[in-house]
Amino acid sequence: MTDPYPPVTDQLADPEAAREEGRRKMDWAIQHMPILSELRDPFVADEPLAGEVIGMAMHVEAKTANLVELLADGGAEVAITGCNPLSTHDDVSAALDAHENISSYAVRGVGDEAYYDAMHAVVAHEPTITVDDGMDMVKLVHEEYPELIDSIVGGAEETTTGVHRLRAMDTDDELLYPVFAVNDTPMKRLFDNVHGTGESSLATIAMTTNLSFAGKNVVVGGYGYCGKGVAKKASGQNANVIVTEVEPRRALEAHMEGYDVMPMTEAAAKGDVFITTTGNRDVITREHFERMADGVLLANAGHFDVEVNLEDLEDLAVDRFEAREGVEAYEMPDGRKLNVIAEGRLVNLAAPIALGHPVEVMDQSFGIQAVCVRELVENGDAYGPGVHDVPDDLDREVAEIKLAAEGVEHDALSPEQRDYMDSWEHGT
């Protein structure tokens with residue numbers, strides 16, 4: 001870049017009004033985020049992150065913003081940009097940029113060049129910790145800023161797709177600093193991926209289209225944790241759920257849960273709504289479009305816009321037009337119209353009225369992010385380069401905070417029970 005990429009405040013016509021609205025959204029969310037609220041007092045009092053620079057690429061909306069502010073109030077300098085061109089809320093980004101310890105470069109609707117220019121601007125702050133959603137920042141640091149790696153304590157990765165990429169990088173011995181796989185810890189995976197993805201994806205599709213799921217055939221591409229959530233919530237809204245899956249044990253699990261399981265080529269002719277959740281490319285392609293019925297809805301709940309092959313769809317179409325805000329209709333030569341929601345991007349964050357996962361769910365995920373960053377600062381030397389599981393005591397810490405906030409009490413092991421579980425000598 002010849003000129004520094006400007007923060008969001010310099011890109012908005014009325015940044016003051018935007019900041020006020022963004023703060024209003026953040027204030028609403030934090031009322032329903034007891035984990036971040038509980039962590040706030042010790043973070044502010046002790047400033048455990050003092051002296052650190054945190055570079056973040058995340059979905060910049062109200063819930064994320066409360067995590068960012070917590071890290072900044074914990075003593076860190078934070079620079080953030082978006083991890084998806086359509087998931088940023090400009091008003092929230094502006095509210096963050098007003099904080100004396102935060103620089104936000106996230107702007108909604110940017111093209112590929114500006115998307116990466118903003119990421120370069122974050123890395124120019126020379127982060128000592130990275131927090132990613134999708135792994136784009138880790139990749140950028142390794143490929144273009146290797147001189148920073150020795151001063152980076154570590155990182156944390158939020159989502160399934162990012163962890164997959166990190167593990168592949170680790171396998172190739174190319175990941176040169178430690179990164180916590182936040183996505184894979186129970187307090188994230190069991191709630192964010194299942195309930196968050198399921199609820200928010202279906203809610204966004206319904207609000208965008210004003211259509212019901214009841215009685216429709218909903219095809220879920222992939223039966224990982226996200227796919228399980230979409231299938232479960234769609235079934236709960238009286239849809240007929242069809243699952244497509246490449247992994248035989250997951251396919252069997254879906255079958256045993258009572259869903260119809262079949263190849264996508266067969267499901268393509270039956271589905272009314274298609275939701276991809278695989279993290280892989282080309283889940284729905286030309287051969288599937290050719291078999292689909294008039295009026296189907298196509299949505300993606302995976303991180304990148306590669307699951308529904310829009311190049312194939314564009315090639316088949318004789319016309320393309322905006323059928324409704326956030327819905328692009330592709331007309332086939334025979335008159336059928338196939339409707340793509342949110343340009344095939346992450347539907348629960350990229351549609352025009354998308355709000356992402358429910359606040360309470362993201363409170364858990366961002367609580368894990370906060371304690372992982374704290375762990376890197378306090379004990380970073382204990383972790384070598386590569387992907388690391390979140391320490392179980394940190395996951396339990398966040399669970400205990402959540403249970404206390406919900407007023408839920410639970411049992412604990414007695415010393416005798418703990419001894420029994422830790423011993424191999426007890427027999428018949």
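**Reading the terms of this model**

Reader: Why is L413 called partly exposed?

Author: The relative accessibility of L413 is 46%, and because buried means under 20% relative accessible area and exposed over 50%, with partly exposed in between (1.4 Å probe, protein chains only), L413 falls in the middle class. This is a predicted model, in which local features need pLDDT of at least 70 and side-chain atom pairs count only at pLDDT 80 or more, while totals for chains, interfaces and linings use all residues. Residues are numbered from 1 along each chain as its sequence is written, and side-chain values use heavy atoms, with hydrogens and water left out.

Reader: What makes L413 part of a nonpolar surface patch?

Author: A patch takes residues with over 30% relative accessible area and no salt bridge, joining like charges within 9 Å and nonpolar side chains (Val, Leu, Ile, Met, Phe, Trp, Tyr) within 5 Å. L413 has 46%, and together with Y420 and M421 it makes a patch of about 360 Å², an area that comes from the Shrake-Rupley method with a 1.4 Å probe, only the protein chains shown counting as cover for residues. L413 sits in the loop between α16 (392-406) and α17 (415-422), where helices (H or I, at least four residues) and strands (E, at least two) are DSSP runs numbered from the N terminus.

Reader: What makes the contact between R19 and E16 a salt bridge?

Author: The rule asks for a side-chain nitrogen of Lys or Arg within 4 Å of a carboxyl oxygen of Asp or Glu, and the N to O distance for R19 and E16 is 2.6 Å, so the pair qualifies. Both residues lie in helix α1, 3 residues apart, about one turn of the helix, and E16 is partly exposed at 41%. In general, side chains of opposite charge can pair when their charged atoms come close.

Reader: How many salt bridges does the rule give, and why does the pair K188 and D192 count?

Author: The count comes to 25 salt bridges. The closest N and O atoms of K188 and D192 are 3.6 Å apart, so this pair also meets the rule; both residues lie in helix α8, 4 residues apart, and both are buried.

Reader: Which parts of the chain does the salt bridge between K228 and E253 link, and why are its residues classed as they are?

Author: The side chains of K228 and E253 meet at 3.2 Å, N to O, and this pair links distant parts of the chain, K228 in helix α9 and E253 in helix α10 (residues 248-256), 25 residues apart. K228 has a relative accessible area of 21% and so is partly exposed, as is E253 with 30%. Elsewhere, salt bridges that share partners join R167, D184, R189 and D389 into one network.

Reader: What makes a space a pocket, and which residues lie nearest the centre of the largest one?

Author: On a 1 Å grid over the protein atoms alone, a pocket is an open set of points where a 1.4 Å probe fits, with protein on both sides within 12 Å along at least five of seven lines, and lining residues have an atom within 4 Å of a point. The largest pocket has a volume of about 940 Å³ and is lined by 48 residues, of which T160, C226, T277, T278 and G279 lie nearest its centre. α8 gives the largest share of this lining, 6 residues.

How values were computed:
Grid points are joined across faces, edges and corners, and a volume is the space filled by probe spheres set on the points.
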